[in-house]
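Hi everyone, thanks for coming along. I'd like to walk you through one structure today, so please have a look at the screen.

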Amino acid sequence: MANYKEIHGVNVEYRTGDATAVIGDVWYNSVTGLLKAYVGVGAWASGGNVNTGRYGIVGTGTQTAAIAFGGYTSPPNLYRDETETYDGSSWTEVGDINTTSWLRGRAGTQTAALATGGGTPPDNRTADSETWNGTSWTEGANINTARTIGSGGGTSTAALVIGGYTDTRLAIVESYDGSSWTEIADLNQLRDGTAQAGTQTASLAISGRAASPAVLTVVESWNGTSWTEIGDVNTGREGIGGDGVSTYALAWGGEINPGTRQAITEQFDGSSWTEVADLSTARRYGASAGTASLGLAISGDAPPSTVATEEWALAASIETVAFD
Amino acid sequence: MATDKGFFNYWVVANSGKGFITHIDSRKFWIGGYPGNVWVCDDIPESRDWGARNSAASKTKSQAQTIVTNIVEAQQATWDDLSDDDKAASHGRPPTVTLP
């Protein structure tokens, strides 16, 4: 078995005191005789409330520069067209999307975003796509298969839309090159209500629902060519939120069976999922933004539709390494 | 203080946004939000400090449950009055919520 020096190229540092907090730091405290480490421990905290609480809302961007749009409120039972932007402390309503809708795909940033597909009144599915330039939404190239709950990711010019629902759940995946959508390799598993993390060429499809009422624990990884099943989440959920990259992701909330909203959060380290700190407000079909270390859970169905935004962050925590 | 709280505190207070629950709060105690601005926390001094900091109204478990139930039943009644199309589109009847 490799030892610490063989892995890191240096011996564990001897120190007479505990170090300044840097996540990943490992040292031996020669005064106390204890091996110490700073590890990242995640927790959720309240962010600014959205102006219009809703579910089926989608979002993108970073923890301090996010955008969220569309959705559905009940009561009153209305599809929504509001777009809001977040500056790290408060949400501001900006230009409405053109197609009042919920459960869309998403990609991009606060100043260059993409909305794809979704549900429109009274209970229709659209192939519509719109692009946001920081000021207003403009009609873009439609996806090939109209759908709701097709998760998405990437940038506004290099995106994916993954799975979803028409009259049945879909395995269809489409890729966007900035001008048109092309159908690419299918998922292995039909699914909707799935979380997505990553880019157009390296992405995860996380959990979701395969067929009512069966939720999926299965996670699939996209390498730009094909989808491969990787480590399962511990708790399968529909309407789950998530973000990150294909090797480091966060997934939160969702619903197991109808009526069982979840606060569960899991983190992916590239090989397996670990349950970490819960959301304070359980929810399904909220919007996601940010990364696996600085994430946002935005609004969603608690019920009722919550206005709560929660901010995920890692903090360095000093730990003593124990030996059996 | 109420006598039926068990291991939890029950509070009513509107989520005021940024700073309402901090990362430090979350690391110190479990807190869960429910309909009607009801919040349930581990019953420890730090969560009582959180309630005081946010000017939250302390409730017994039964009082908090009544608030939640009233909200949920109103939502369920609204959902029951929807058309079949709207019901099908709504992803289900609001669920009954039982506080821990």
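Predicted model: local features only at pLDDT ≥ 70, side-chain atom pairs only at ≥ 80, totals over all residues.

Let's begin with chain B: how many helices and how many strands make up its secondary structure? There are four helices and four strands in chain B.

For chain B the mean pLDDT is 90, with 92% of the residues at 70 or more. The stretch to treat with care is residues 1–5 of chain B, where the pLDDT is below 50. Even so, residues 1–5 have eight contacts in the model beyond near neighbours in sequence. For the complex, the predictor reports a pTM of 0.90 and an ipTM of 0.86.

Now the overall build. Along its principal axes, the C-alpha atoms of chain B fill a box of roughly 50 × 30 × 20 Å. Chain B has 100 residues, and 25% of them count as buried. Take the contacts in chain B with a separation of 6 or more: 70% of them join residues 24 or more positions apart.

On to the partner, then. The contact between the chains draws on 28 residues from chain A and 25 residues from chain B. On the chain B side, α1 (23–28), β2 (31–34), α3 (61–80) and α4 (84–89) each supply at least two residues. Which of the elements gives the most to that side? That would be α4(B), with four residues. By type, the side of chain B that touches chain A has 12 polar, nine nonpolar and four charged residues.

That's my tour, and I'm happy to take questions.

Definitions and conventions. Residues numbered from 1 in each chain as written. Chains lettered and ligands numbered in written order. Contact = placed C-beta atoms within 7 Å. Nonpolar A, V, L, I, M, F, W, Y, C, P; charged D, E, K, R; others polar. Buried ≥ 20, exposed ≤ 12 C-beta atoms within 10 Å, placed from the backbone. pLDDT = per-residue confidence, 0-100.
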